[in-house]
Amino acid sequence: MAIGYLTIQARTAHDAVALSGVSITISNNQGNTVYQLVTDENGEAQEVPLETLDKSFSQNAYFTATPYISYNVLARALGFNTLYISDIPIFEGENAILPLSLVPMQENQRTPSQTEITIGKPAVAMTKMREQEGPVSSPYVLRQVVIPNPITVHLGPPDTSAKNVQLSFPDYVKNAASSEIYPTWPKAALTANIYAIITFALNRIYTEWYRSRGYQFDITNSTAYDQAFVYGRPIYESISKIVDEIFNEYVRRSGQNAPYFTSFCNGTTVTCNGLSQWGTVTLANKGYTPLRILRSYYPKDIEIAETNTITGALSSYPGTPLQTGSTGLDVQTLQTWLNRIRRNYPAIPVITDTSGDFGSSTKAAVTKFQQVFHLTPDGIVGKGTWYKISSIYTAVSRLADLNSEGSTLGIGTVPPSSVLRQGSSGQDVVTLQYLLNVIAEYYPDIPRIDQDGVFGSGTAQAVIAFQRLMHLASDGVVGKNTWDALYKTYRGIQQNVPGPGSGSGTIRYVVQPGDSLWLIAQKYNTTVNAIKNLNGLTSDILSVGQVLQIPASQNTSTISYTVQPGDSLWLIAQKYNTTVDDIKQLNGLTGNLINVGQVLKIPASQASSYFSYTVKAGDSLWLIAQKYNTTVNAIKSLNGLTSDALSIGQVLKIPS
């Protein structure tokens with residue numbers, strides 16, 4: 001029996017927040033449990049091997065049975081709705097990377113609901129006719145070819161009321177390719193198909209094929225009209241690595257700028273005038289390059305072009321890879337991004353190189369980032385790594401800005417009483433737009449909007465999308481029911497999503513009976529004003545169950561503990577010389593119930609936050625202590641050193 005692999009990632013807010021402690025159950029199609037897993041601090045469960053069929057079956061156009069074995073995944077996490085994904089294809093030698101988009105429970109939601117997603121066969125195995133239509137030469141609308149970030153995908157045929165989702169363009173292409181073809185095909189065949197998928201989507205963008213017709217999306221997931229896309233599906237690593245390198249490259253005719261209309265079909269049960277997906281396998285096995293394969297189906301003068309215009313990108317790729325020895329502003333930018341991302345992904349080591357110098361610590365941070373996000377872990381920042389780092393930095397920064405803005409706006413517990421509709425303006429519209437944008441970070445079918453205080457068509461579309469999600473009358477008018485739903489959803493996010501407090505100097509605290517701001521401030525060695533400022537409070541009044549962010553004292557340290565079978569809060573408290581109340585308050589628990597695999601923060605007065613440092617020629621403990629604003633004794637104590645002698649290459653823990 002052949003072996004394939006499955007890696008599961010639980011993250012939210014466009015990968016800005018990793019969800020640790022998520023309980024994963026992998027089962028086969030007979031309903032038998034194969035693995036029980038728990039996600040780590042990066043939101044990832046260990047890669048697991050799974051039995052499947054020999055890959056030769058998925059490389060044979062005439063094999064009519066299913067050429068793989070499918071599995072199912074059940075994901076559960078405290079404070080989140082349950083997710084069940086079925087019929088996940090596993091191929092020999094391929095790593096299927098499954099992203100889990102868990103949705104936070106609403107405020108006062110007692111039991112989690114369950115969302116079910118079925119993956120099923122790739123489109124290449126389907127027999128339905130395609131009716132892809134589009135301009136081969138004209139008309140074109142945009143003046144330049146741009147990569148949309150994000151791209152909006154309609155999950156159904158154009159004229160249906162299916163929801164829209166937004167995601168980055170590379171992630172869309174990875175999903176579409178994994179939904180269209182088999183990942184076991186030769187690399188040249190995969191690359192040719194991915195070029196066709198990229199170019200087809202960019203043709204839709206460039207011509208504004210749907211936008212010009214009044215639709216609020218860029219492309220559909222209907223194979224009759226466009227190309228396959230299954231929101232929530234696994235991405236195959238062989239496909240992912242190719243997309244990372246070519247996502248901004250496309251097919252065009254010589255002398256033209258426009259993306260060619262690269263229609264395609266499987267070429268066996270369905271034929272067309274465009275590319276034959278199975279035909280690419282035959283040609284790749286004959287030694288054809290991707291471009292030669294494409295020229296076998298499209299005009300002979302087509303060529304591969306590149307666009308570096310990416311909407312929403314912070315900075316364009318420098319053009320050449322950054323690696324050990326590189327210097328300059330681009331390296332400084334890269335270091336800034338990685339150091340910020342590290343707050344949300346603490347497994348990424350701290351960068352200690354001089355700003356703008358790509359040294360060993362920068363390479364270590366890049367390599368770890370690549371490992372966390374399943375890029376080639378070579379420590380070199382090529383195009384794919386650059387844009388992925390930029391994307392994650394944008395996500396974590398945007399989320400931090402939203403959290404900060406919420407405090408500034410003073411979002412309270414009582415919704416406004418005004419009724420808002422298109423044409424309204426003012427502070428309540430700003431509050432509405434803020435709430436919608438926060439919710440959009442966790443619910444992919446809510447579009448992001450401008451917070452300009454004016455209730456325009458974009459705000460109306462976001463309101464309607466939210467109302468549909470909440471099964472309210474989708475009239476675009478924000479009355480009491482919509483306000484209540486917005487606040488319940490917002491407060492559910494605040495209560496259930498691991499906020500920046502898990503790694504940025506705050507603690508999440510749920511107000512208990514008898515609490516006051518003064519008592520809470522005393523407990524956490526802070527001040528009443530610090531708590532009020534952090535939470536945007538204008539009075540000292542608290543409500544039982546209210547969630548506060550508490551400034552973490554520099555003397556307050558924690559360790560992470562994964563709940564084991566037989567554990568109770570009392571036993572854990574005894575083990576770590578703390579109290580049940582301290583553990584509950586630190587983790588925002590309202591009861592004593594804990595689950596096996598759940599990750600708890602435990603007060604640990606002796607724990608120390610540190611980073612690793614490799615001793616270099618000329619180093620001494622005094623020089624290192626001066627460089628990192630600590631003391632020789634602190635370094636010696638942390639490392640158990642009895643003398644000041646150091647060795648080149650020795651790894652020290654440095655108090656941070």
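Q: Is Ile 439 buried or exposed in this model?

A: Ile 439 is buried, because its relative accessible area is 0%, and anything under 20% counts as buried. Do keep in mind that we are looking at a predicted model.

Q: Where does Ile 439 lie, and which residues does Ile 439 touch?

A: Ile 439 lies in helix H9, which covers residues 427–442. Leaving aside residues up to four places away in sequence, Ile 439 touches Ile 446, Phe 466, Leu 486, Thr 489 and Ile 493. For a sense of distance, the C-alpha atoms of Ile 439 and Gly 31 are separated by 35 Å, and these two residues are 408 residues apart along the chain.

Q: Let's turn to helices. How many Å should helix H6 span, and how far apart are its end C-alpha atoms?

A: The expected span is 1.5 Å times one less than the number of residues. Helix H6, residues 329–344, has 16 residues and so should span 22 Å; its end C-alpha atoms are 24 Å apart, which agrees.

Q: Which residues of H6 are buried?

A: Here is the general idea. An α-helix has 3.6 residues a turn, so residues three or four places apart point the same way. In H6, the buried residues are Val 331, Leu 334, Gln 335, Trp 337, Leu 338, Arg 340 and Ile 341.

Q: How many disulfides are there, and which cysteines form a disulfide?

A: A pair of cysteine sulfur atoms within 2.5 Å is taken as a disulfide. The count comes to one disulfide. Cys 265 and Cys 272 form it, with their sulfur atoms 2.3 Å apart. The torsion about their S-S bond is about -95°, so this disulfide is left-handed. Cys 265 is buried at 2% relative accessibility, whereas Cys 272 is partly exposed at 35%.

Q: Now the backbone. What phi does Ala 13 have, and what phi does Asn 108 have?

A: Ala 13 is not a glycine, although its phi is positive, about 55°. Asn 108 is not a glycine either, and its phi is positive too, about 70°. Ala 13 is in the loop between strand E1 (2–12) and strand E2 (17–18), while Asn 108 is in the loop between strand E8 (95–100) and E9. Ala 13 is buried at 1% relative accessibility, but Asn 108 is exposed at 66%.

Q: Which residues does a cis peptide bond join?

A: Look at Asn 149 and Pro 150: the peptide bond joining them is cis, with omega about 10°. You will find Pro 150 in the loop between strand E9 (114–118) and strand E10 (151–154).

Conventions: Residues numbered from 1 in each chain as written. Predicted model: local features only at pLDDT ≥ 70, side-chain atom pairs only at ≥ 80, totals over all residues. Heavy atoms only, no water. Helix = DSSP H or I, 4+ residues; strand = E, 2+ residues; numbered from the N terminus. Buried < 20%, exposed > 50% of the residue type's maximum accessible area, 1.4 Å probe, protein only. Contact = heavy atoms within 4.5 Å.
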